[in-house]
Amino acid sequence: MTTRREFLKQSAAASIAAALLRPVAGAAQTGTAQTVLGPVDPSRLGHTLPHEHIADALTFLNRWPKDWGGRAEFTAGIIARLKLVREAGAGTIVDLTSYDVGRDIRFLEEVSRESGLHMIASTGQRFFPPQKNLPTPSGTVEGLAAFFIKEIEQGIDGTSVKAGVIKIGINTNRPTDLEQTGLRAAVRASKATGMPIRIHTDSANRAGDSIAAILEEEGMNPSRVSFDHSDGSGNMDYFLGLVRRGYALGMDHVHRGLMPDTVPSFERRAECIKLLADAGFANKVFLSQDAELGGLLLPDEIKDFRSKLDPPEGLAFTTRTLIPHLKQVGVSDRDIHTMTVENPRRFFSRL
Ligand SMILES: [Zn+2]
């Protein structure tokens, strides 16, 4: 006869075996990262680009002209580009295209599978109110939080593909009432699910300061928040104020400093990354390039403003241009590894 103790031992062993065999289609558990193909051990993410856009449906997917081969041709072009990004050393791309700017979750799933790159999709909202008269899931903190939680726990747009990060767009340096609703909803969803938050910020006007005040009112853990587009500032007081409070900085517009007459310059943006590393804050810096990969496939004459802002190397700018420059000005390999591998591994790991 099986004793109670033996029974418990056997059932524990069985549940460990079940956990090892758990299909990737399940929901992300604590300590895993949620990719579009299912939860993965965060140590498998590798070099991660934490703020990118593969292609949105509004501008590209559904409007790709038949003359050019339509959606199938476009998708094949994207996959070919993504393979190059993978060969350049990236392991994971985080796509921060939210529902209101044309996220297409089946497309992301397909290009992840075909390119061999991990991809993390986002819930959240880019504009408050949404652009182009799109209906909003809710105008209240509770309603929006419920929408974000649903996309994390159940899936996006009726699929079982789940979001692994919450993205919020704040266009002003002092969040409007509607933007505050989005921020507070993001905090509630983050607390309910253990997923991190990335915020589009107007760093040139120190938007992080007023956003942090709202996050702190809501009791948000700063180490689960990244203020993206921070390199538009170039002000070390601003940066140090935020990292000392525990926030991370997304340095993802560095290439924009290469355009003539742009302040801060590429060199200054890179210098700030070095100064942060020198001050012991490499663990608070993310490197990315906020590119819209789809734009690169357009012929020059119809490229829009946004496509022209993106670096010519597309998603390979960080590995091909920025990192070699950072090394040249004295950022150590160890700090680069912290910024590109260790920080994302920790940040995208579900609490
Ligand atoms: Zn972006």
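**Aromatic rings at a glance**

Phe348 has a relative accessibility of 0%, so this residue counts as buried. Keep in mind as you read that the model is predicted. With ring centres within 6.5 Å taken as a pair, the model holds eight aromatic pairs. A pair of aromatic rings is described by two things, the distance of the centres and the angle of the planes.

**The pair Phe227 and Tyr247**

- Phe227 and Tyr247 make a tilted aromatic pair, with 4.9 Å from centre to centre and 40 degrees between the planes.
- Phe227 belongs to strand S8 (residues 225–228), while Tyr247 sits in the loop between helix H7 (236–244) and strand S9 (248–251), so their pairing ties together parts that are 20 residues apart in sequence.
- Phe227 and Tyr247 are both buried.

**The pair Phe347 and Phe348**

- Phe347 and Phe348 pair edge-to-face, their centres 5.2 Å apart and their planes at 85 degrees.
- Phe347 counts as buried because its relative accessibility is 4%, and the cut-off for buried is under 20%.

**A cluster of rings**

- Tyr99, Phe147 and Phe148 together form one aromatic cluster.

**Charges over rings**

- Arg198 places its charged end over the ring of Phe286, at 4.2 Å from the ring centre.
- Arg224 lies over the face of Phe347, 5.8 Å from the centre of that ring.

Note on methods. Residues numbered from 1 in each chain as written. Predicted model: local features only at pLDDT ≥ 70, side-chain atom pairs only at ≥ 80, totals over all residues. Heavy atoms only, no water. Phe/Tyr/Trp six-rings, centres within 6.5 Å; stacked < 30°, edge-to-face > 60°. Helix = DSSP H or I, 4+ residues; strand = E, 2+ residues; numbered from the N terminus. Buried < 20%, exposed > 50% of the residue type's maximum accessible area, 1.4 Å probe, protein only. Lys NZ or Arg CZ within 6 Å of the ring centre and 35° of its normal.
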